[in-house]
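This report goes through one structure, from the overall build of a chain down to a single residue. Have the sequence and the 3D view at hand while reading.

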Amino acid sequence: MDYGHPLRFGVLLTPGEPAGPGALEDLMDLARLSEELGYDLVAFSGGPAQADPWTLASWAAGRTSRVRLLAAPAPDGNPAVLARAAASLDLLADGRVDLALAPARDAGAVGEAIDVIRGMWSASERSPLYVEGKHHRVAGADRGPAPARTVPLWIDGADPALLRLAGQKADGWTSPRALGTPPASPGDTAVEEAAGPEAAPAAAGLATEGPAADRSGADGAWLGELVAAQDVIDAAAAEAGRDPREIRRLARIAGRFTPARGGFLAGPPEKWIADLLPLVVDAGFATFVLEAGDPETLRRFAAEVVPALRTAVGRERRARGVVESAPARSAFVRSKRREGIDYDAVPASLAATAVEPGDAAYARVRSTYLRGGSPGLVLRPGTPAEVGEAIRFARTQPVKLSIRSGGHGISGRSTNNGGIVIDVSRLNTIEVLDKETRRVRIGPGARWSDVAAALAPYGWALSSGDYGGVGVGGLATAGGIGWLVREHGLTIDHMRAVEMVLADGSQVRADEHDNPELFWGVRGAGANFGIVTSFEFEVDEVGDVGFAQFVLDATDTADFLERWGAAMEAAPRDVTSAVILGRPRPGQPLIAQMMAVVDSDDADTIVSRLQPLAATAPLMDYSIQVLPYAAVMHVPPGTHDAQGEPVTRAALADHLTPELSAAAARLVRSGLTYFFHIRSVGGAASDVAPDATAYAGRSANFQLVAFGHNRRDLDPAWDALLPHFSGQYINFETDRRPERVREAYPGDTLRRLRALKRRYDPGKVFRDNFAIDPAEDDVTPGAAAG
Amino acid sequence: MPDYGHDLLFGSFITPANAAPQDVVALAQESEAAGLDLVTFQDHPYQAAFLDTWTLMSYVAARTERVRLSGNVVNLPLRPPAVLARAAASLDLLSGGRFELGLGAGGFWDAIEAMGGRRLTPGQAVDALSEAIDVIRGLWDTADTSRFRVDGTYYQVAGAKRGPAPAHDIGIWLGAYKPRMLRLVGSKADGWLPSLSYMESLDAITEANAIIDEAAAGAGREPAAVRRLLNVSGRFGAAGDRLLSGPPEQWAEQLAVLTLEYGFSAYIMMGDDPAAIRTFGGEVAPLVRELVAKERSARGSAR
């Protein structure tokens with residue numbers, strides 16, 4: 001019996017008595033030492049000192065960074081509270097938590113607790129949780145939070161009912177007693193006072209079942225007992241429709257290194273290896289947790305037993321034809337899988353961080369800032385090589401593919417229904433490459449708020465949109481119309497190089513010298529050619545800025561738009577502003593919100609720049625602050641949980657002419673848009689030639705977007721405005737008609753992009769955001785006739 | 001009275017939001033760096049948007065060096081006292097005596113019941129809290145080597161081994177407003193921890209202090225055995241006519257009055273703005289200490 005699980009090694013730490021400050025400090029030193037020595041997990045027992053094992057594990061999470069924590073709560077606690085505590089610990093520890101349900105005598109109570117815990121973690125279900133059990137009752141609790149990753153649940157116990165429960169519901173089973181020879185010195189003994197049933201909650205955690213048993217007996221009967229226990233688990237698993245390999249098996253062990261061979265786990269390392277090997281290949285255990293209180297035993301086990309045991313197990317498994325593989329996702333998780341995705345073929349490097357609908361983290365990754373989604377699989381590569389593997393896998397799957405950086409995409413859908421999402425949020429580093437030239441390298445998964453905060457200490461900034469929650473990748477491959485655009489141009493105008501993964505999974509660098517045509521295309525149509533894994537930008541010196549918010553009476557809407565447009569075109573480049581009009585309300589003035597950033601910390605300059613803007617309509621309220629640019633961009637991180645699908649139309653316009661202003665006013669008055677937003681552009685963005693990048697709309701002084709309730713109403717109303725526009729900025733437009741692509745990429749720009757698409761993505765792997773059709777050629781009437 | 005003469009403490013009150021856990025930890029570290037004495041977190045285990053306060057405090061304690069930590073206040077109905085006692089002692093030992101136990105009787109009974117907790121009337125909740133204090137102190141008392149038994153109406157402990165003992169005498173601070181709770185503060189607790197926004201008037205503070213003092217005397221305790229702590233909120237900026245709305249100097253004067261005339265000696269500022277935390281720790285706290293020290297020495301020499 002060998003389930004083929006990879007070997008893992010852990011340490012169970014128990015404080016000595018009395019539990020003074022020194023004892024616990026020593027314990028935590030051992031936890032850190034275990035991490036340094038390469039152990040995979042650390043567990044804590046309260047021991048005879050009755051320390052709280054949950055507190056010990058939570059503290060250890062704060063003092064370690066890699067090792068997993070097999071956290072055990074005090075027994076008999078409230079499972080709904082425990083679910084939140086475990087999710088919280090997993091969030092704080094960045095997904096390093098396993099949860100051990102304390103040894104319990106009543107399998108029924110443990111089974112109900114598991115239902116409560118899993119129900120609380122199912123944050124993607126919007127209905128409250130009800131569990132009406134004999135032992136535990138939950139009556140309409142809000143679900144959540146979900147842990148960072150699906151937290152494996154372990155059951156500890158030898159009672160047949162607990163074994164069956166482990167088979168039915170758990171992710172792991174823990175043998176209840178330490179196998180082996182207790183450490184020699186009385187001070188290190190793992191023997192503890194047996195707590196009477198009435199004394200609960202006394203000792204807690206993994207080590208309440210009494211003394212480590214000396215398994216030195218030669219008859220091997222105890223190995224048979226363990227195999228019998230595994231059989232009970234496996235039978236229950238099969239009955240529940242599970243693969244027994246879903247359930248990890250953990251053996252607690254204790255022993256001592258001695259020159260002479262003694263009983264079980266007493267002797268030199270070779271004796272330990274000989275003793276442990278049958279536990280792996282005959283009794284199905286692949287996780288061993290060593291009960292040890294001294295650094296020397298931990299060191300020797302890590303150095304002299306673990307590597308040799310791995311070798312021995314590998315040899316034995318090869319001889320027996322046992323294939324090594326991590327436990328499959330549980331039947332519960334698999335039951336939520338979607339059709340069309342070969343989940344078992346997900347590359348191993350991506351499987352651990354991938355999220356599928358049954359996983360706890362799904363609630364946090366399914367939807368985006370503005371769009372509800374239910375993808376079948378979210379891949380979260382952490383390196384460019386993993387991005388390559390993700391693309392290579394995704395292109396073999398007959399489902400939609402979406403690419404996500406910060407999840408604010410409007411045109412770039414970045415989620416889907418039943419398809420695959422490649423989420424690059426883990427590629428989020430921000431580093432300075434050269435102080436002299438202000439050259440920085442930024443991962444696509446960073447958010448602009450984080451970029452601004454990282455550059456602030458240098459007195460630098462990179463103009464990059466007007467909302468800090470937006471991710472780098474989606475914006476920096478399209479344009480980037482930000483608060484400093486008139487002074488410093490588009491975000492893409494600061495780009496000096498990219499490294500990206502192409503549709504075939506290969507990695508390339510593109511800049512003015514290497515792959516210059518690709519570099520041209522990435523700046524405005526990047527989403528068509530691959531996934532950028534890092535950007536290099538040359539950023540600007542930016543100090544504090546003036547940040548103003550005005551509330552204006554825009555009842556005379558056309559007049560206001562025309563005046564504001566003229567004021568912006570006349571304004572020096574150090575001011576950039578935007579206006580937002582909401583839906584008109586009967587009997588009330590139409591309110592416009594105007595925001596402006598002045599790239600100056602001089603009060604007189606700020607005021608002189610703002611005065612003409614404030615005079616464009618009757619002023620109702622205003623605030624002006626001098627702030628670091630990073631403060632303007634500051635948005636606390638959070639997860640997205642939108643529902644539905646945004647309906648927008650967008651365009652670029654050179655001027656807010658009287659005709660356009662009047663037409664836009666009619667649109668607003670119609671009530672068909674509830675959020676109408678015009679950003680100023682022009683300035684430095686217009687210094688760049690239209691053919692210098694794939695962003696062609698260089699003549700535009702304004703970018704417009706209207707949010708509506710449905711396509712049927714918004715499209716005709718917006719189409720009526722088309723004669724007034726000069727182009728398209730792709731990132732705000734959700735209309736999928738092919739004319740939009742031609743607006744964004746007119747004439748030669750589109751011809752060049754098609755040639756690039758034919759070269760880099762002829763199979764149209766990337767079609768999430770303004771897809772360019774490689775096959776379609778410009779058809780002139782003459783050519784069609786010929 | 002009042003001015004019970006305690007040294008002054010200043011703290012923060014950070015929302016334990018689970019959307020960005022490391023930001024919460026960073027605010028606690030920011031509080032420590034700003035010179036604050038105390039970091040506190042509210043505890044609403046039925047609130048899905050929050051981190052589990054106990055887990056968070058344990059983690060934050062491991063990520064800080066000097067600052068003290070407390071729940072503000074820990075929800076007793078969903079945290080049974082025997083587990084709480086051992087967890088508190090463990091955290092106090094791990095942190096080198098930096099943990100204090102702000103404790104509340106519970107109030108949102110629908111939510112508590114939805115989580116599987118037991119619904120109590122407000123009066124029962126006060127009695128349960130009183131029993132819980134006995135359970136907690138009894139388990140901490142390792143000087144007594146007998147097995148610990150409590151056969152209360154709400155909590156039972158049938159012959160448990162005592163311990164662990166905390167590293168220092170953990171203060172039990174109660175959130176309290178009504179007379180029964182205030183009397184419990186006076187008779188058993190180490191601190192009174194109300195929120196200024198829940199106090200109807202400054203006179204109500206004086207009345208509450210009197211109830212606590214009387215109950216303390218009834219239990220044979222000095223009024224000074226009960227520290228008075230206050231959760232406050234406000235804003236920094238141009239002088240306003242509301243309490244704690246203005247520049248740091250104005251805050252300091254008002255907090256000095258609350259210390260010298262209303263008996264408070266700890267101020268915990270609610271809010272998650274790192275700039276405000278820096279101002280509170282770096283500017284307000286030293287000013288209040290200076291004002292109070294000056295006045296206390298003047299009063300001392302006048303006596």
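## Chain A as a whole

In chain A, 74% of the contacts with a separation of 6 or more are between residues 24 or more positions apart. Two residues are in contact if their C-beta atoms, placed from the backbone, lie within 7 Å. The model is predicted: local features need pLDDT of at least 70, side-chain atom pairs count only at pLDDT 80 or more, and totals for chains, interfaces and linings use all residues. Residues are numbered from 1 along each chain as its sequence is written, while chains are lettered from A and ligands numbered from 1 in the order in which they are written.

Chain A has 24 helices and 30 strands. Helices (H or I, at least four residues) and strands (E, at least two) are DSSP runs, numbered from the N terminus. The C-alpha trace of chain A spans about 95 × 65 × 55 Å along its principal axes. Chain A has 786 residues, and 54% of them count as buried. A residue is buried if 20 or more other C-beta atoms lie within 10 Å of its own, exposed if 12 or fewer, and partly exposed in between.

## A helix pair in chain A

Two packed helices are described by the angle between their axes and the distance between the axes. Axes are lines fitted to C-alpha atoms, for helices over the stretch in contact, and angles run from 0 to 180 degrees between N-to-C directions.

Helix 4 (residues 107-121) and helix 5 (residues 160-169) of chain A pack at about 20°, and their axes are 9 Å apart. Helix 4 of chain A is therefore roughly parallel to helix 5 of chain A (angles under 35 degrees count as roughly parallel, over 145 as roughly antiparallel, 65 to 115 as roughly perpendicular and the rest as oblique). To this contact helix 4 of chain A gives A:Ala107, A:Val110, A:Gly111 and A:Ile114, and helix 5 of chain A gives A:Ala161, A:Leu162, A:Leu165 and A:Lys169. By type, the residues of this contact are 6 nonpolar, 1 polar and 1 charged. Here Ala, Val, Leu, Ile, Met, Phe, Trp, Tyr, Cys and Pro count as nonpolar, Asp, Glu, Lys and Arg as charged, and the others, Gly among them, as polar.

## A helix pair in chain B

In chain B, helix 5 (residues 122-140) and helix 6 (residues 179-188) pack at an angle of about 15°, with axes 10 Å apart. Helix 5 of chain B is therefore roughly parallel to helix 6 of chain B. The residues in contact are B:Gly123, B:Val126, B:Leu129, B:Ser130 and B:Ile133 of helix 5 of chain B, and B:Arg180, B:Met181, B:Leu184 and B:Lys188 of helix 6 of chain B. They divide into 5 nonpolar, 2 polar and 2 charged.

## Where the chains meet

The contact between the chains takes 46 residues from chain A and 40 residues from chain B. On the side of chain B that touches chain A, the largest share, 8 residues, comes from helix 3 of chain B. That side of chain B holds 25 nonpolar, 9 polar and 6 charged residues.

## One residue in chain A

A:Phe675 lies in strand 29 (residues 673-680) of chain A. A:Phe675 counts as partly exposed because 14 other C-beta atoms lie within 10 Å. Not counting residues up to four places away in sequence, A:Phe675 touches A:Ile580, A:Gly582 and A:Phe707.
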